Amino acid sequence: MSDSTPTLHEARRIAELALPLSLIQLAQVAISTTDMVMLGWFGGTAIAVGALGYTLFNLLRTMGFGMIIGTSNLVAQDRGECVGGEHLASALIMASIAAVAAAIALALAGPTLEWFGQDPDVSAQVREYLIFIAPGTCRYSGSTPTAVWWSGSARPTSCS
């Protein structure tokens, strides 16, 4: 048997790591589904506004997260060289720039929806929603880089 063949023990360890992440993803989907169900009480326009606003916000949030996820790998790779703080500072700067750009994009996204055939009333309400939620992107500029830095600086355990 080859050393590269995964064992049941390794599969269990991967599952232990994956299960909490899977549950978090499931919870996020449940929350957005609950939001849509609750918006249904207010009518079709409210569902359209909520769905468009959430989708645009989530798109930019996911792109921003993708920009800094590599920080954990850099920190883990350079752990012995004591440069983890530099990686955190770089990730915080990059995330802050991305958050400001995302907030501006969210604030400007509402009017552009009419170019794609959206109802003017829906576009106006999505614009209000996006302007309201735009500052939320700044929350990620501090917490997400710190989380991925922390993840990369965690002590690995022996695989043997």
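In which helix of the protein is confidence lowest, and in which is it highest? Confidence is lowest in helix α3 (residues 70–77), at a mean of 68, and highest in α5, at 87. The score behind these values is pLDDT, the predictor's confidence in each residue, from 0 to 100.

This is a predicted model, in which local features need pLDDT of at least 70 and side-chain atom pairs count only at pLDDT 80 or more, while totals for chains, interfaces and linings use all residues. Residues are numbered from 1 along each chain as its sequence is written, and side-chain values use heavy atoms, with hydrogens and water left out.

**Stop 1: the whole protein**

Colour the model by pLDDT. The protein averages 77, and 76% of the residues score at least 70. Where pLDDT is low, the predicted coordinates should not be read in detail.

Now switch to a cartoon view. There are 6 helices and 0 strands, so named because helices (H or I, at least four residues) and strands (E, at least two) are DSSP runs, numbered from the N terminus. Read from the N terminus, the elements run α-α-α-α-α-α.

Show the surface next. The protein exposes about 10,800 Å², of which carbon and sulfur atoms supply 69%; accessible areas come from the Shrake-Rupley method with a 1.4 Å probe, and for residues only the protein chains shown count as cover. Of the 160 residues, 23% are buried. Buried means under 20% relative accessible area, exposed over 50%, and partly exposed in between (1.4 Å probe, protein chains only).

**Stop 2: helix α1**

Select glutamate 16 and arginine 12. Their side chains meet in a salt bridge (2.6 Å, N to O). The term stands for a side-chain nitrogen of Lys or Arg within 4 Å of a carboxyl oxygen of Asp or Glu, and the structure holds 1 of them. Both residues lie in helix α1 (residues 8–40), 4 residues apart, about one turn of the helix. An α-helix has 3.6 residues a turn, so residues three or four places apart point the same way. Glutamate 16 is partly exposed, with a relative accessible area of 47%, and arginine 12 is partly exposed at 45%.

**Stop 3: helix α2**

Select α2. This helix has 25 residues and reaches 37 Å from its first C-alpha to its last, close to the 36 Å expected at 1.5 Å a residue. The expected span is 1.5 Å times one less than the number of residues. Within α2, the buried residues are Ala46, Val49, Gly50, Gly53, Phe57 and Ile68.

**Stop 4: the core**

Select Val49, Phe57, Ala103, Leu106, Ala109, Leu113, Val122, Val126, Leu130, Ile133 and Ala134, the 11 residues of the largest nonpolar core. At least two residues of this core come from each of α2 (44–68), α4 (84–112) and α5 (120–133), and α5 gives the most, with 4 residues. A nonpolar core is a set of buried Ala, Val, Leu, Ile, Met, Phe, Trp, Tyr and Cys residues joined through side-chain atoms within 4.5 Å.

Keep valine 126 selected. Leaving aside its neighbours within four places in sequence, valine 126 is in contact (heavy atoms within 4.5 Å) with Val49, Leu52, Gly53 and Leu113.

**Stop 5**

Apart from neighbours within four places in sequence, serine 123 is in contact with Gly110, Leu113, Glu114 and Gln118.

The C-alpha atoms of proline 111 and serine 123 are separated by 6.2 Å, with the two residues 12 apart along the chain.

Finish with leucine 108, also in helix α4. Leucine 108 counts as exposed because its relative accessibility is 56%. From leucine 108 to leucine 130 is 8.5 Å in space, C-alpha to C-alpha, and 22 residues in sequence.
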